[in-house]
Amino acid sequence: MGTFSSFFDSQSRSQWNYNTLKNFRQISPIVQTHLKKVYMTLCCMLVASAFGAYLHIIWNIGGYLTTFACFGAIIWLHSTPPCQEQKRVSLLMASAVFEGASIGPLIDLAIQIDPSVLVAAFVGTALAFACFSGAAMLARRREYLYLGGLLSSGVSMLLWLHFASSIFGGSTALFKMEIYLGLLVFVGYMVVDTQDIIEKAHLGDLDYVKHALTLFTDFVAVFVRILIIMLKNSAEKSERKKKKRSD
C-alpha cells in the first residue's frame, strides 16, 4: 500500500496547473500520434464491445463459448504478423465483440435491477481511466514502471483467492476482498500499461493494435468490478427498503 500512496504523494508534490497540463514535451510527436491512434482504436473497441453485449441481450449468446472465442481471437491476433494490419484490426474488433457478449449476462442483470447503475459504472470507469492515464502521461518517463512487480503480485493473490474460494467455498468477506483487490490492481495497471506503451513507442514499437488491446483489457477489468460493487450496493439498499416497509 505504501507504493500506491507514494504514487499519489508524488502527484500532489507536482505543480498541477494549466502549464503542467500542456507539458507533453517529454512525449515526441511520433509517440503522440501513436497514442491518438491507440485511443481511437480503444474507443472503437468499446463500441464493438457494447454491440456484443447488445447481441447477448437479444439472443442470449454470452457464456463460456464467447469467452473461449475471445481468447482464440486474441491468440490469433498475436500470431498474425504486423504487416497484415487489416486482418489484425478485424481480429481485434472480433475479440471486443466476444468480450462484450461474455460480460453480457452481468450487463443484462444490471439493466433489470437498475439501468442507472450501468451508466454510472461506465462513466466512473471512463473517468478513472482518463485520470490515471493522464497522470501516467504527465509523469516522468518510467516513473511508475516499477509498480509492475507489485501489481503482478496482486494478480497472483487474486488467482489464489479465486482458487481458495472455488475449493473451500466462497464467503462474502473473501468475495469482497477479491473484488476490491482486483479493482485496485487493475487501476494500477492503467498507469503502468500507459507508461509502458509510451516507453515502447519511444523505442520504436508502434503496434497500436496490441497496445489498444492492453488498455481495453484494463478498462473492462475495472468496469466489471465497479459494476459488481455498485450492483451489490444497490441490492443491499433495496433489501433495506423492503425491511423498513415490512416493519
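In this predicted model, the second largest pocket holds about 290 Å³ of space, a pocket being, on a 1 Å grid over the protein atoms alone, an open set of points with protein on both sides within 12 Å along at least five of seven lines. The volume is the space filled by probe spheres set on the points, which are joined across faces, edges and corners. Of the 15 residues that line this second largest pocket, Leu 46, Ala 50, Ile 107, Phe 122 and Phe 223 are the closest to its centre, where lining residues are those with an atom within 4 Å of a point. Helices α3, α6, α7 (115-138) and α10 each supply at least two residues of the lining of the second largest pocket, and α3 accounts for the largest share, six residues. By class, the lining of the second largest pocket divides into 13 nonpolar, two polar and no charged residues; Ala, Val, Leu, Ile, Met, Phe, Trp, Tyr, Cys and Pro count as nonpolar, Asp, Glu, Lys and Arg as charged, and the others, Gly among them, as polar.

The largest pocket contains about 1,200 Å³ of space. It is lined by 30 residues, of which Glu 99, Ile 103, Ala 221, Val 224 and Arg 225 lie nearest the centre of the pocket. Each of α4 (64-79), α5 (85-102), α6 (104-113), α8 (147-168), α9 (172-202) and α10 (208-246) supplies at least two residues of this lining, and α10 gives the most, with 10 residues. The lining of the largest pocket comprises 19 nonpolar, seven polar and four charged residues.

Rolling a probe the size of a water molecule over the atoms shows where empty space is left. The structure holds one cavity of 30 Å³ or more, a cavity being a set of grid points where a 1.4 Å probe fits but cannot get out. About 50 Å³ of space lies in the largest cavity, and the residues that line the largest cavity include Gln 26, Ile 27, Met 137, Arg 141, Gln 195 and Glu 199. Both α7 and α9 supply at least two residues of the lining of the largest cavity, with the largest share, three residues, coming from α9. In terms of class, five residues of the lining of the largest cavity are nonpolar, two are polar and four are charged.

The secondary structure of the chain comes to 10 helices and zero strands, helices (H or I, at least four residues) and strands (E, at least two) being DSSP runs numbered from the N terminus. Of the 247 residues of the chain, 42% count as buried, a class that requires under 20% relative accessible area, whereas exposed requires over 50% and partly exposed lies in between (1.4 Å probe, protein chains only).

Four salt bridges are present in the structure, each defined as a side-chain nitrogen of Lys or Arg within 4 Å of a carboxyl oxygen of Asp or Glu. In one of them, Asp 207 pairs with Arg 88, and the closest N and O atoms are 2.8 Å apart. Asp 207 lies in the loop between α9 and α10 and Arg 88 in helix α5, so this pair ties together parts that are 119 residues apart in sequence. Both Asp 207 and Arg 88 are buried.

Another salt bridge joins the side chains of Asp 196 and Lys 200 at 3.3 Å, N to O, two residues that lie four residues apart in helix α9, about one turn of the helix. Asp 196 counts as partly exposed because its relative accessibility is 26%, and Lys 200 counts as partly exposed at 32%. Glu 236 likewise forms a salt bridge with Lys 232, with the closest N and O atoms 2.9 Å apart; since these residues are four apart in helix α10, about one helical turn separates Glu 236 from Lys 232. Relative accessibility is 27% for Glu 236, which therefore counts as partly exposed, and 25% for Lys 232, which is placed in the partly exposed class.

On the surface, Phe 51, Tyr 54, Ile 58, Trp 59 and Ile 61 form a nonpolar patch with about 560 Å² of accessible area together. Patches are made of residues with over 30% relative accessible area and no salt bridge, nonpolar side chains (Val, Leu, Ile, Met, Phe, Trp, Tyr) being joined within 5 Å and like charges within 9 Å; accessible areas come from the Shrake-Rupley method with a 1.4 Å probe, and for residues only the protein chains shown count as cover. Tyr 54 belongs to helix α3 (residues 29-59) and counts as partly exposed, at 48% relative accessibility.

Residues are numbered from 1 along each chain as its sequence is written, and side-chain values use heavy atoms, with hydrogens and water left out. As the model is predicted, local features need pLDDT of at least 70 and side-chain atom pairs count only at pLDDT 80 or more, while totals for chains, interfaces and linings use all residues.
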